[in-house]
Amino acid sequence: MNFTLLSTFFILLGIFCALLITIDILRHPQQMAVMNFVWPINALWAGPLCVWAYFTLGKHRKMDMPDMNMKSMDMKSMNMESMDMGKMKMDMDMDKPKKEYSSYWQGIIVDTLHCGAGCTLADLIGPVLFTFIPFTLFNQLTFGEWLLDFFIALIIGATFQYAAIAPTLKEKGIKTWLKALKIDFLSLTAWQVGMYGWMAIVIFVLFGKFSIQTPEFWFMMQIAMCFGFITAYPMNWFLVKMGIKSGM
């Protein structure tokens with residue numbers, strides 16, 4: 001198959017999967033607001049794998065209502081206090097996800113994708129922005145672009161983490177944002193290392209540097225995000241295990 005057609009196919013597949021998730025999120029928003037953006041963004045590179053992860057691990061479904069035989073209930077024996085308490089408990093149950101993660105690795109997948117959404121968005125913005133403000137690092141435009149991507153990834157990634165922790169901490173402002181940056185710095189860096197590793201192979205070994213106006217470039221970036229996930233997953237595992245990150 002022609003490489004350009006193959007690249008175009010996977011790009012369109014990623015866009016289709018992102019739209020599919022977005023449509024479902026519009027009908028069933030995530031309990032954590034930032035995840036409404038995390039899932040579609042990751043679908044752009046992970047495609048069907050992200051669709052599986054969303055519907056298997058990420059979609060919050062409500063608890064099924066227990067069957068009630070209203071005829072058997074003696075309404076006269078129920079006082080208003082017990083009715084209020086029962087309603088309160090039912091409302092609390094309805095807010096809970098239908099199921100918790102059955103394994104530790106499942107929660108880490110979601111946590112890594114949360115981290116990866118910031119990196120993915122940065123690596124979409126960075127190459128385009130770099131065409132307007134190119135600069136070299138070690139006499140290489142590629143390294144200059146990667147440096148720009150890294151700083152954008154830190155900014156966006158920390159903002160995603162801020163959106164996750166601010167409601168829990170009930171704190172807002174630059175101090176909390178810096179705390180979010182500290183929490184996610186290693187995982188964001190690990191993701192970018194994996195991404196840069198693959199793109200280094202593409203640029204310096206396999207094909208050379210593609211123009212950002214070609215589908216081949218963005219297809220290689222999709223694969224780069226896969227490598228980013230692979231390198232960030234064990235880092236997130238470690239950070240959650242050590243209590244540095246709270247986990248999803």
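Biologist: Leaving aside its neighbours within four places in sequence, which residues is Met221 in contact with?
Modeller: Bear in mind that this is a predicted model, where local features need pLDDT of at least 70, side-chain atom pairs count only at pLDDT 80 or more, and totals for chains, interfaces and linings use all residues. Residues are numbered from 1 along each chain as its sequence is written, and side-chain values use heavy atoms, with hydrogens and water left out. Contact means heavy atoms within 4.5 Å. With neighbours up to four places away set aside, Met221 touches Asp123, Met195 and Met199.

Biologist: Is Met221 buried or exposed?
Modeller: Met221 sits in helix H8; helices are DSSP runs of H or I with at least four residues, strands are runs of E with at least two, and both are numbered from the N terminus. Buried is under 20% relative accessible area, exposed over 50%, and partly exposed in between, using a 1.4 Å probe and protein chains only. Met221 has a relative accessible area of 7%, so it is buried.

Biologist: How are H2 and H5 oriented to each other?
Modeller: The axes of H2 (residues 35-46) and H5 (residues 104-130) come within 8 Å and cross at roughly 70°. Axes are lines fitted to C-alpha atoms, for helices over the stretch in contact, with angles from 0 to 180 degrees between N-to-C directions. Under 35 degrees is roughly parallel, over 145 roughly antiparallel, 65 to 115 roughly perpendicular, and the rest oblique. So H2 and H5 are roughly perpendicular.

Biologist: And which residues of H5 does H2 meet?
Modeller: On the H2 side, the residues are Met35, Val38, Trp39, Ile41, Asn42, Leu44 and Trp45. Their partners in H5 are Val110, Leu113, His114, Gly116, Ala117, Thr120, Leu121 and Leu124.

Biologist: Which residue forms a salt bridge with Glu145?
Modeller: The structure holds one salt bridge, meaning a side-chain nitrogen of Lys or Arg within 4 Å of a carboxyl oxygen of Asp or Glu. Here the closest N and O atoms are 3.2 Å apart, and the partner of Glu145 is Lys209.

Biologist: Where do the two ends of that pair sit, 64 residues apart?
Modeller: Glu145 counts as buried, at 6% relative accessibility, while Lys209 is partly exposed at 47%. The pair links distant parts of the chain: Glu145 is in helix H6 (residues 141-169), and Lys209 is in the loop between helix H7 (174-206) and helix H8 (215-241).
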